[in-house]
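Subject: Structure handover

Hello,

Here is the structure we talked about. Please load it first, then read the notes below it.

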Amino acid sequence: MKRPQFLTHIRPRTWVVAGVVVLALAGGSIYWFGFAVPANTKSTVAAPITTAASLTTMQKTVDSDGTATPTVNDSVSFAVSGTVTAVPVAAGSTVTAGQVLATVDTLSLDAAVLQAQATLATAKAKLATSVSDSDGTTAAVAQIAAQTASVAVDEAAVVTAQSAVAGATLTAPSAGLVTAVNVAVGDVISSGSSGSSGSSGSSGAGGATTASTASTSTSTADFSIVGTDSWSLSLAIGESDIANVAVNDQVELALDDGTAFFGTVQSVGILPSTTSGAVTYPVVVAVTGDPDGLYDGVAVTAKIVYERRTNVLTVPSAAVTTADGVSTVKTLDASGTAVATTVTVGETVGNVTEILTGIAEGDEVVVVTFTPGSGNSGSTTERGTRPTGMPDGATFPGAGTGTNGG
């Protein structure tokens, strides 16, 4: 076969140079792919990390969540009849206990007081006459007794009428934020026509009727007042945990944004309820102080602390292995070599384990992490994975059975 004509004009020396270049490129490729670039199949290697055994506070909690509710949540209404003459507050106003919310005219109320006083005066006059004219007979004595009782009734009527006059001024039973005002100047108020019907109301300041807004109501109260500096939290605790909860237990609370605050268990219900087949007991937590960020209905997480121990020696649970009932940790000797040390473990809470015997505070223990080979893209680090060679069935306390990293 004849070579192309242009090849016949290439000198031998050129052929030699070209051959050398080809061999150099081939050798470089073999070195790069065979030695310089790590194989993606490189096995996992152990990267020992040490941490010191330390004293800490271990606690057990019952966890739940609920919503914040203001302790003060009053519905306030007039307990007397009349025409509204003044409403010095508006929705959104902040009031103090005893501050005037509204007034009604007292014309008819004053007249009632005068009438009651006149009736009482007449009854007293009759009683005085009967006493003066008494001849000691049974009939005379009976008449005096009847008139004495009548005077007592009329005196009570005067007190009631005077209380009604006082009730013409409606005042706030407690401090808080006025969230609703349902009366205006000129409105005619009929006694008993407003307020929460069917609720457990009580007599408030100024003769007002107050009722909890949590009760079923069929009418609108004249005013609604919500406290802004005192809060509580209602929790539902499962039947398996309720035995651990007691009044005055400390509660660690937090909002979704991480804001932390505290409270105490105020009451523990003894009657359970069932929701979706789960039995729960009501627990009320009183919030300590007036933390920022609280408002009616905000979600709150709660940890009820029912056991707390201080100065407990602990290590990360990932540093402890247990096989055949024997627990060990690896400590570093003087040369920096990891040596297995037998320990007695106590309780495991969260990601730490209590150490009763075997090591002391400050001893460095090895927590092994496993890092995939550097040639692997997207590699991750796993903490607490069972080391290669760890006996099958060996476990990290509180962390289940490890998986072999080999």
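Salt bridges first. The model is predicted, and a search of the whole structure finds seven of them.

Lys 60 pairs with Glu 307. The closest N and O atoms are 3.9 Å apart. This pair links distant parts of the chain, with Lys 60 in strand 2 (residues 54-70) and Glu 307 in strand 18 (residues 299-316). Lys 60 has 24% relative accessibility, so it counts as partly exposed. Glu 307 is also partly exposed, at 29%.

Next, Arg 309. The side chain of Arg 309 meets that of Glu 347 in a salt bridge, 3.1 Å from N to O. Arg 309 has a relative accessible area of 27%, which means it is partly exposed. For Glu 347 the value is 28%, and it too is partly exposed.

Arg 309 has another partner, Glu 354. Here the closest N and O atoms are 3.0 Å apart. Glu 354 sits in strand 22 (residues 352-357), 45 residues from Arg 309 in strand 18. Is Glu 354 buried or exposed? It is buried, because its relative accessibility is 10% and the cut-off for buried is under 20%.

Put together, Lys 60, Glu 307, Arg 309, Glu 347 and Glu 354 are linked in a network of salt bridges.

Now the backbone. Two asparagines deserve a look.

- Asn 248 is not a glycine, yet its phi is positive, at about 80°. It lies in the loop between strand 13 (231-238) and strand 14 (250-254). Its relative accessible area is 63%, so Asn 248 is exposed.
- Asn 311 also has a positive phi, near 55°, and is a residue other than glycine.

Four strands form an open sheet, in the order 7-6-4-9. The pairing is antiparallel. Which strands are at the edges? They are strand 7 (169-171) and strand 9 (188-189), and each pairs on one side only. Strand 4 (residues 82-86) and strand 6 (residues 100-104) run antiparallel and are joined by two bridges. Val 84 stands opposite Val 104 in strand 6.

Last, confidence. The mean pLDDT of the protein is 79. Of its residues, 71% reach 70 or more. Residues 194-206 have pLDDT below 50. That stretch has 37 contacts in the model beyond near neighbours in sequence. Over residues 374-406 the pLDDT also stays under 50. For residues 374-406 the model has 65 contacts beyond four places in sequence.

Best regards

Key:
Residues numbered from 1 in each chain as written. Heavy atoms only, no water. Salt bridge = Lys/Arg side-chain N within 4 Å of Asp/Glu carboxyl O. Buried < 20%, exposed > 50% of the residue type's maximum accessible area, 1.4 Å probe, protein only. pLDDT = per-residue confidence, 0-100. Contact = heavy atoms within 4.5 Å. Pairing = 2+ DSSP bridges.
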